[in-house]
Amino acid sequence: GARETFENYYRKQRRKQARLVLQPPSNMHETLDGYRKYFNQIVGFFVVEDHILHTTQGLVNRAYIDELWEMALSKTIAALRTHSSYCSDPSLVLDLKNLIVLFADTLQGYGFPVNQLFDMLLEIQDQYSETLLKKWSGVFRNILDSDNYSPIPVTNEEDYKKIVGQFPFQDAELEKQPFPKKFPFSEFVPKVYNQIKEFIYACLKFSEDLHLSSTEVDDMIRKSTNLLLTRTLSNCLQNVIKRKNVGLTELVQIIINTTHLEKSCKFLEEFITNITNVLPETVHTTKLYGTTTFKDARHAAEEEIYTNLNQKIDQFLQLADYDWMAMEPGSKASDYLVDLIGFLRSTFAVFTHLPVSDLHHLAFLLQGKVAQTACMSACKHLSTSLMQLLLEAEVRQLTLGALQQFNLDVEECER
């Protein structure tokens, strides 16, 4: 007969139990089971309360349950925010997202409002993106480190079709050529291209079951892919270009590779469109502006070529040893200069000996432009440096013989 006392006692005890249930274990973020156990406890608690609401009179009422659920929701969201932020493995974040969706859908089935959970999933989505970018940074580094930076050779039709299947490349001239033949780009082009597609699939996985519109999914994928290109891949390419031991042939190959990757961006746009069914004309569509990544890398590689050449010229010039008081000039140009010109000659041969037939007009034009600029920059640097040798403060006196020797060298350069 103490109904009221019992009702108060029941609700008080259940509030205490709810608080216990809502206390996440400290290592919850380490395994999926930790999260699963946590969610199961909460679902169990509210399923029991819902059952009691529908099978007893007055012991609990809707207002009491709503109040409890509100407390539970804010505590759960706070716990998930904290714990998910420790997670660095994208597949665990993805599994967690699937658990949260199940958790939300289950409780929604019992009439509990769960919008806040789906809002929080969008926050976790940003974090998922970050973990993906970290993972792909390693993937790209491995691809670039293991590349041989020379054109891909193919000996038969099967090999040829395999590469064309991995990377959108069409060249009527190359198709006509007999085997063996070479693609203009090296291995890292098809590999990087395929990894960008893998990344897009990984992004898509998160957006499933989140009750998002296709435009929202499309937007999310494009934004993440832009970050992948402009931040992650861009850093990896810049690191390769700035490496100590990177040679001229590798730099020229990077210029050719990035040109082909830049052209492939439109196929990545189509790839995303096919997945999300959102046409690029749609008002809100984010463009893939990652193409700038490849332009920037190309410019960096070109600059590195010019810098490298000038550094090499400086090394030769350090060997210059003019006798400014010589009575007679030598009979030929100075040795250091003859060696320097020999070095430059073989260097520029690199640009012309690359696998270039008329068919790779693109690569050919590029090499032509880069080679011309490199040649001009080298000549300019050499002439300025020679002038400095002559005008150095230590050179107090000059004989005609020394000047004639110097003149021989300048004429050798002109020749």
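A residue counts as buried when its relative accessible area is under 20%. Keep in mind as you look around that this is a predicted model.

**Stop 1: the overview.** Colour Phe, Tyr and Trp if you like: across the whole structure, a search finds 23 aromatic pairs.

**Stop 2: Phe39 and Phe103.** Select these two and you will see a stacked pair, with 4.6 Å centre to centre and 25 degrees between the planes. Phe39 belongs to helix 2 (residues 32–55) and Phe103 to helix 4 (residues 90–109), so their pairing ties together parts that are 64 residues apart in sequence. Both Phe39 and Phe103 are buried.

**Stop 3: Trp69 and Phe112.** Next, select this tilted pair, whose rings are 5.2 Å apart centre to centre, with 45 degrees between the planes. Trp69 is in helix 3 (residues 62–84), while Phe112 is in the loop between helix 4 and helix 5 (115–146), so distant parts of the chain, 43 residues apart, are linked here. Why does Trp69 count as buried? Its relative accessible area is 2%, and the cut-off is under 20%. Phe112 is buried too, at 2% relative accessibility.

**Stop 4: a cluster of rings.** Now select Tyr160, Phe167, Phe169, Phe179, Phe183, Phe185 and Tyr193, which ring pairs link into a cluster.

**Stop 5: charges over rings.** Which ring does the charged end of Arg11 sit over? Show Tyr64 to find out: the charged end is 5.3 Å from the centre of that ring. Finish with Lys197, which lies over the face of Phe271 at 5.0 Å from the ring centre.

Methods. Residues are numbered from 1 along each chain as its sequence is written. This is a predicted model: local features need pLDDT of at least 70, side-chain atom pairs count only at pLDDT 80 or more; totals for chains, interfaces and linings use all residues. Side-chain values use heavy atoms; hydrogens and water are left out. Rings of Phe, Tyr and Trp (its six-membered ring) pair if their centres lie within 6.5 Å; planes under 30 degrees apart count as stacked, over 60 as edge-to-face and the rest as tilted. Helices (H or I, at least four residues) and strands (E, at least two) are DSSP runs, numbered from the N terminus. Buried means under 20% relative accessible area, exposed over 50%, partly exposed in between (1.4 Å probe, protein chains only). A charge sits over a ring if NZ of Lys or CZ of Arg is within 6 Å of the ring centre and within 35 degrees of the ring normal.
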